[in-house]
Amino acid sequence: MASSLLTTPSQTLALTPATARARGAQPAAAQVSFSSPRLPSRRALRVRASVAIEKEVPENEAPPTFLREDGSGAGSGSVRERFEGMIRRVQGEICAALEEADGSGARFVEDVWSRPGGGGGISRVLQDGRVFEKAGVNVSVVYGVMPPDAYRAAKGAAKNGAADGHKAGPVPFFAAGISSVLHPKNPFAPTLHFNYRYFETDAPKDVPGAPRQWWFGGGTDLTPSYLIEEDVKHFHSVQKETCDKFDPSFYPRFKKWCDDYFYIKHRDERRGLGGIFFDDLNDYDQDMLLNFSTACAGSVIPAYIPIIERRKDTPFNEEHKAWQQLRRGRYVEFNLVYDRGTTFGLKTGGRIESILVSLPLTARWEYDHKPEEGTEEWKLLDACINPKEWL
């Protein structure tokens with residue numbers, strides 16, 4: 001558990017949710033306690049201290065920037081500054097579009113948090129609306145030190161303890177990103193996930209002179225419970241159009257990467273019907289990749305909202321809902337077992353409510369469930385097992 005990096009022997013840690021604001025809505029306070037009955041060795045304590053991220057502090061409102069005043073903050077024109085500005089703008093635009101599509105008058109609840117040494121984030125969640133069962137749109141700016149296994153989770157490096165030819169060790173890092181998962185109520189309206197992020201690492205403490213590294217990652221992918229080709233083709237066409245503005249090789253390359261990444265190995269199937277995915281991307285001009293990430297984040301609304309408008313009021317029955325719950329079970333399995341963002345957050349002591357906001361309110365597991373061949377449920381499963389070219 002990520003909490004093991006933050007606790008000390010015989011210590012009880014109380015976690016209180018950040019202040020929530022949603023036009024008068026206040027979430028109930030919650031406390032989670034962790035305790036350790038055994039006294040770890042001094043070496044264990046030193047290791048824990050070397051990899052801990054500072055505890056977040058609730059804030060009443062978002063500051064103009066979460067960046068440190070270290071020459072790459074406000075007014076510097078740095079990639080860090082421009083990326084933070086982009087993700088905060090996109091968060092506002094997407095939340096406004098989702099509230100309008102939901103049409104219930106429900107509003108996103110917002111938590112703002114910071115850390116004393118710099119960094120922070122804004123978590124926004126709309127729950128139990130008319131259209132959306134749960135919709136989360138989070139931004140974060142984080143400074144910290146990664147243990148070697150968290151570095152591998154973030155970078156996808158080899159598991160032999162080495163990264164980029166250097167001995168593994170605690171790695172100072174900066175990370176900023178926007179992440180969102182949208183779970184509609186209607187089984188014919190697909191779940192959407194998108195995430196765009198920027199990473200920088202400094203030289204590991206045990207590798208003097210190792211170069212600073214940077215990379216971009218992200219993607220947008222669609223996870224329907226029922227295969228409606230009109231919707232899937234529309235979604236993929238927006239991804240291709242966005243990619244083609246920068247490099248015609250991007251869409252086929254990142255589409256395959258998406259199919260491969262969202263593979264649930266223990267099920268031998270994909271989580272959904274794909275989209276685009278890329279990571280560790282630093283082999284192009286940095287400004288070009290910043291512009292590409294910006295365009296991808298900006299394509300979320302035209303790719304998704306038209307589908308929601310077509311499907312949010314489609315009639316459904318209990319059997320449709322039960323199948324949706326089974327597919328959400330697959331969603332949970334992938335996120336908790338394989339997703340690099342989730343494992344990175346858990347291994348660095350990240351904010352747990354923000355990390356797990358991607359999980360649906362409800363999911364279902366049935367023993368050895370197999371849809372009958374030729375049914376609409378089987379068609380969806382077949383497309384998840386055998387990825388297709390939609391364009």
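Predicted model: local features only at pLDDT ≥ 70, side-chain atom pairs only at ≥ 80, totals over all residues.
## The whole chain

The chain holds 11 helices and 13 strands. It has 391 residues, and 52% of them count as buried. Its accessible surface comes to about 18000 Å², with carbon and sulfur atoms making up 52% of that area. As for what touches what, take the contacts in the chain with a separation of 6 or more: 74% of them are between residues 24 or more positions apart.

## Two helix pairs

Helix H2 covers residues 79-102 and helix H6 covers residues 286-298; their axes come within 10 Å and cross at roughly 5°. With a crossing angle like that, H2 is roughly parallel to H6, because angles under 35 degrees count that way. On the H2 side, the residues that meet H6 are Val79, Arg82, Phe83, Met86, Arg89, Val90 and Ile94. On the H6 side, their counterparts are Gln286, Asp287, Leu290, Ser293, Thr294 and Ala297. Sorted by class, the residues of this contact between H2 and H6 are 7 nonpolar, 3 polar and 3 charged.

Val90 is worth a stop of its own, and it sits in helix H2. Is Val90 buried or exposed? Its relative accessibility is 1%, so Val90 counts as buried. Leaving out residues up to four places away in sequence, Val90 touches Ile178 and Ala297. Val90 and Thr294 are 204 residues apart in sequence, yet their C-alpha atoms are 8.7 Å apart in space.

The other pair is helix H4 (residues 229-244) with helix H5 (residues 250-261), whose axes come within 8 Å and cross at roughly 130°. That angle makes H4 oblique to H5. Here His236, Gln239, Lys240 and Cys243 in H4 meet Phe250, Tyr251 and Lys255 in H5. By class, the contact of H4 with H5 has 3 nonpolar, 2 polar and 2 charged residues.

## Strands side by side

| Strand pair | Bridges |
|---|---|
| S9 (residues 191-201) and S10 | 11 bridges |
| S10 and S13 (residues 275-281) | 5 bridges |
| S2 (residues 57-59) and S3 | 3 bridges |
| S3 and S4 | 6 bridges |

Strand S10 spans residues 213-223 and is mostly covered, with 10 of its 11 residues buried. It pairs with S9 and also with S13. To see this at the level of residues, look at Leu192, whose bridge partner in S10 is Leu222. Then there is Phe216, which stands opposite Leu281 in S13.

Strand S3 (residues 109-114) is mostly covered too, as 5 of its 6 residues are buried. It pairs with S2, where Val57 stands opposite Ser114 in S3. It also pairs with S4, and there the bridge partner of Val112 is Ile122 in S4. The hairpin of S3 and S4 has 4 residues between the strands, and in it Gly118 takes a positive phi near 115°.

## A look at Ile122

Ile122 lies in strand S4, which runs over residues 119-127. Its relative accessible area is 3%, so Ile122 is buried. Which residues does Ile122 contact, leaving aside its neighbours within four places in sequence? They are Ala62, Phe66, Arg88, Gln91, Glu110, Asp111, Val112, Trp113, Val137, Asn138 and Val139. Ile122 and Ser354 are 232 residues apart along the chain, and their C-alpha atoms are separated by 9.0 Å.

## Two positive phi angles in loops

Finally, a pair of aspartates. Most residues other than glycine have a negative phi. Asp128 has a positive one, near 60°. Where is Asp128? It lies in the loop between S4 and strand S5 (132-146). Asp128 counts as exposed, because its relative accessibility is 55%.

Asp368 also has a positive phi, of about 50°, although it is not a glycine. Asp368 has its place in the loop between helix H10 (352-355) and helix H11 (376-385). With a relative accessible area of 53%, Asp368 is exposed.

Technical notes: Residues numbered from 1 in each chain as written. Heavy atoms only, no water. Buried < 20%, exposed > 50% of the residue type's maximum accessible area, 1.4 Å probe, protein only. Contact = heavy atoms within 4.5 Å. Areas by Shrake-Rupley, 256 points an atom, 1.4 Å probe, with all protein chains shown as cover. Axes fitted to C-alpha atoms, helices over the stretch in contact; angles between N-to-C directions. Parallel < 35°, antiparallel > 145°, perpendicular 65-115°, else oblique. Nonpolar A, V, L, I, M, F, W, Y, C, P; charged D, E, K, R; others polar. Pairing = 2+ DSSP bridges.
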